[in-house]
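These are my notebook entries on one structure, written down in the order in which I looked things up.

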Number of protein chains: 2
Amino acid sequence: MIKERGLLIVLSGPSGVGKGTVRKELFSQPNTNYEYSISMTTRNPREGEVDGVDYFFKTREEFETLIEQGGLLEHAEFVGNYYGTPLAYVNETLDAGRDVFLEIEVQGAAQIRKKAPDALFIFLAPPSLTELKDRLVGRGTETADVIAKRIATASEELEMMSLYDYVVENDEVTNACDRINAIIKAEHCRRERVEKRYLSMLRGE
Amino acid sequence: MIKERGLLIVLSGPSGVGKGTVRKELFSQPNTNYEYSISMTTRNPREGEVDGVDYFFKTREEFETLIEQGGLLEHAEFVGNYYGTPLAYVNETLDAGRDVFLEIEVQGAAQIRKKAPDALFIFLAPPSLTELKDRLVGRGTETADVIAKRIATASEELEMMSLYDYVVENDEVTNACDRINAIIKAEHCRRERVEKRYLSMLRGE
């Protein structure tokens, strides 16, 4: 019998939105049934960070060798350091029928969108919609400058989110986690996925 | 400001699968935030059934007048009685920005799919996948007849579910309800919906 392949879940969003906090909260919950894919980086470990837990810490040479070998699902360079997702772990886990969860920057998510279009892309957004609404229809005490800035930010976010399947507003960490868990649960009920399971069953696979 | 239109949620599935039980459980939960659309019928009330709670009970003449006036979102006839969904309540509730939940037969769901393609269609399936798996790969004690019957049923279900967005197996009522609630929550986070909210906000609507 062919095991159903796991789901690749990509959480991303603008920097500073709280991706790391949401991810940590998700994985601190007792019933999380997806695997976290640890990123690889060439930056130095910070106080308290553990190799193989927070990141896989590598030298520049090791990282560049892996890039050449096609061993990364995505990678990017920030402030002189590489960050990336090792491909082998992701593929092995998906092949074993387990969902894999990535928490990465928007550049990396865009690379994965091209390579794995059937992955699940979740955009974590600051609660700007709600804020924007408050400011626009609110007490009329905001200066034109502040309003213009909020509109510009919202427009940028709108553009960034166009590659994603779902948008989760990070108004509160627990709400954001509830929404992400609902999205993953719902995705497993999508008719196309269930149909595939039926068909392979009927074929006696 | 234009209010976002509510979501039309259609729960259907083969007869006998337990649609009514699941619906009652959903609406007995304290945090249900969608409205149940009560069906209309020409059949006689059963012991304990209340007009306007279980059904709107109508005469054949009243029902047929409503059909002629285009006042039903869907309707069908079973064993000499009409069953249908009054359109006015559904539209008013959706326009007020509230989600509407319908629990109807597959014929009715097919009619709505044509009229309201952006509705959310959930197929409640008997736990036949799991059963089928058990029987096919199980202890080899089933007769060929029993296996053939299970395969025929699964094939029929597979055909029926092709119009739906999601398939929820009714293995246990509470599990089915959890999945349905997750699907509705996820649907509200779909990028297209959030984008629309942003855009109407930016336009100052």
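**Entry 1**

I began with B:Glu192, which is partly exposed at a relative accessible area of 40%; here buried means under 20% relative accessible area, exposed over 50%, and partly exposed in between, with a 1.4 Å probe and protein chains only. Its partner B:Arg190 is buried, with a relative accessible area of 18%, and the two form a salt bridge in which the closest N and O atoms are 3.9 Å apart. I count a salt bridge when a side-chain nitrogen of Lys or Arg is within 4 Å of a carboxyl oxygen of Asp or Glu.

I note for all entries that this is a predicted model, in which local features need pLDDT of at least 70 and side-chain atom pairs count only at pLDDT 80 or more, while totals for chains, interfaces and linings use all residues. Residues are numbered from 1 along each chain as its sequence is written, chains are lettered from A and ligands numbered from 1 in the order in which they are written, and side-chain values use heavy atoms, with hydrogens and water left out.

**Entry 1: further salt bridges**

I then looked up B:Glu77 and B:Arg60, which form a salt bridge with the closest N and O atoms 2.9 Å apart. B:Glu77 lies in strand β5 (residues 72–78) of chain B and B:Arg60 in helix α2 (residues 60–68) of chain B, so the pair ties together parts that are 17 residues apart in sequence. For these elements I use DSSP runs numbered from the N terminus, helices being H or I with at least four residues and strands E with at least two. B:Glu77 is partly exposed at 43% relative accessible area, and B:Arg60 is also partly exposed, at 32%.

Over all chains, the search of the whole structure gives 24 salt bridges.

**Entry 2: the parallel sheet of chain B**

I traced an open sheet of 5 strands in chain B, in the order β2-β7-β1-β8-β9 and with parallel pairing, where two strands pair if DSSP finds at least two bridges between them. The edge strands are β2 (34–36) and β9 of chain B, each of which pairs on one side only, and the twist averages 25 degrees from one strand to the next.

Strand β8 (residues 120–125) of chain B is joined to β9(B) by 4 bridges; B:Ile122 has B:Tyr166 as its bridge partner, and B:Leu124 stands opposite B:Val168. Which residues cover the two faces of strand β9 (residues 166–169) of chain B? I find B:Tyr166 and B:Val168 on one side and B:Val167 and B:Glu169 on the other, and all of them are buried.

Strand β3 (residues 40–41) of chain A runs parallel to β4(A) and is joined to it by 2 bridges, and A:Thr41 stands opposite A:Phe57.

**Entry 3: how the two chains meet**

Last, I compared the copies and noted that a rotation of 180 degrees with 0.0 Å of shift along its axis superposes chain A on chain B with an RMSD of 0.0 Å, by least squares on the C-alpha atoms of residues with pLDDT of at least 70 in both. That is the relation of a two-fold axis, and in chain A the C-alpha nearest the axis, 2.2 Å from it, belongs to A:Ala182.

I found 39 residues of chain A in contact with 39 residues of chain B, contact meaning heavy atoms within 4.5 Å. Together the chains bury about 3400 Å², 73% of it on carbon and sulfur atoms; this area is the accessible area (1.4 Å probe) that two parts lose on being put together, summed over both. How many salt bridges cross the interface of chain A and chain B? The rule finds 0 there.

Methods
Axes fitted to C-alpha atoms, helices over the stretch in contact; angles between N-to-C directions.
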